[in-house]
Amino acid sequence: MLEITVICFTAFFTAILTFFSGFGLGTILMPVFALFFPVEIAIALTGVVHFANNIFKMGLVGKMASRPVLIRFGIPAVMASFIGAWLLLKITGLPSVYEYELWGRMFQITPVKLIIAVLLLFFSVSEILPAMQKIQMGGNRLIFGGLLSGFFGGLAGVQGALRSAFLIKSGLSKEAFIATGVIIASLVDITRLSVYASRFTTSGLSENLTLLVSATLAAIAGAFAGSRLLKKVTFRFVQVLVAVMLTFISIGLGAGLI
């Protein structure tokens, strides 16, 4: 009962925040699942909740997505993610920059995550500094952003944070920013879950069906609550929220916690 309460509470409030930021639900929810389950089961449970939440959000706001941005950013992102995933298989043997023990667990700071941490920190600062806010990403820059976010997403699994960092600069309205990010995230989830599908029978999903349904409904309720607040928030609020969450993610990556 404790795990259901903690996980559902986390899923609900995180889903409200990530409705606007476009990333972070899986990053925050997976470690909470991991408090009660082995990592492989936590990853599978998180993947299902994340996908169901994105599909629900797509039904809420999907029609407001920007088709030109989806084409210029989304297609390069999906293509580059395959390259990043392929490269990951080739460089898994690279030594970590630093290792340390905390709370009885070993954490590693890898070169790839350190690079992404620096990138995310740069983007988070760019959302706060007035001079950097005037920079817009369109045309070829949008294609480059899709390639970069997709590549590092496949390489280190942080596509959501990089995606939002680029899309927030694409000149979209807050509604289009959220909707476009949701559709791209759903496409990524479909690709990811297709890989997990063959392992669902051994991942503990059926044994934890009550928890899975409860967490999914909590996340959906959070997304719905976020959609009710959409008209009340400003685009500046979305920018600051993205900047704050990018900062936390960059610190987590740079410290080897994520």
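Contact here means heavy atoms within 4.5 Å. This is a predicted model, where local features need pLDDT of at least 70 and side-chain atom pairs count only at pLDDT 80 or more, while totals for chains, interfaces and linings use all residues. Residues are numbered from 1 along each chain as its sequence is written, and side-chain values use heavy atoms, with hydrogens and water left out.

**Figure 1. The whole chain, from end to end.** Take the contacts in the chain with a separation of 6 or more: 78% of them come from residues 24 or more positions apart. The chain has 11 helices and 2 strands, counted as DSSP runs numbered from the N terminus (helices are H or I, at least four residues; strands are E, at least two). Going along the sequence, the order is α-α-α-α-β-β-α-α-α-α-α-α-α. Of the 258 residues, 47% count as buried, and the cut-offs are under 20% relative accessible area for buried, over 50% for exposed and partly exposed in between (1.4 Å probe, protein chains only).

**Figure 2. Helix α1 against helix α2.** Here α1 runs alongside α2 (residues 25–34), with axes that come within 9 Å and cross at roughly 170 degrees. Axes are lines fitted to C-alpha atoms, for helices over the stretch in contact, and angles run from 0 to 180 degrees between N-to-C directions. The two helices are therefore roughly antiparallel; the scale is under 35 degrees for roughly parallel, over 145 for roughly antiparallel, 65 to 115 for roughly perpendicular, and oblique for the rest. On the α1 side you'll find V6, I7, T10, A11, T14, A15 and T18, and these meet L25, I28, L29, V32 and F33 of α2. By class, that contact has 9 nonpolar, 3 polar and no charged residues. Nonpolar covers Ala, Val, Leu, Ile, Met, Phe, Trp, Tyr, Cys and Pro, charged covers Asp, Glu, Lys and Arg, and the others, Gly among them, are polar.

**Figure 3. Helix α1 against helix α11.** Now look at α1 (residues 2–21) with α11 (residues 235–254): they pack at about 110 degrees, axes 9 Å apart. That makes α1 roughly perpendicular to α11. L17, T18, F20 and S21 of α1 touch F237, V238, L241, V242 and M245 of α11. Sorted by class, this contact of α1 with α11 comes to 7 nonpolar, 2 polar and no charged residues.

**Figure 4. Aromatic rings.** A search of the whole structure turns up 5 aromatic pairs. Rings of Phe, Tyr and Trp (its six-membered ring) pair if their centres lie within 6.5 Å, and planes under 30 degrees apart are stacked, over 60 edge-to-face and the rest tilted. F19 and F20 make an edge-to-face pair, 5.3 Å centre to centre with 85 degrees between the planes. F19 is buried at a relative accessible area of 1%, and F20 is buried at 4%. F73 and F166 give a tilted pair, 6.5 Å centre to centre and 50 degrees between the planes. This pair links distant parts of the chain, with F73 in α4 (residues 67–91) and F166 in α8 (residues 159–167), 93 residues apart. F73 is buried at 0% relative accessible area, and F166 is buried at 2%. Elsewhere, F9, F12 and F13 form one aromatic cluster.

**Figure 5. Around G181.** G181 is in helix α9 (residues 174–196) and is buried, with a relative accessible area of 8%. Not counting residues up to four places away in sequence, G181 touches R163 and L167. The C-alpha atoms of G181 and M58 are separated by 9.4 Å, although these residues are 123 apart along the chain.
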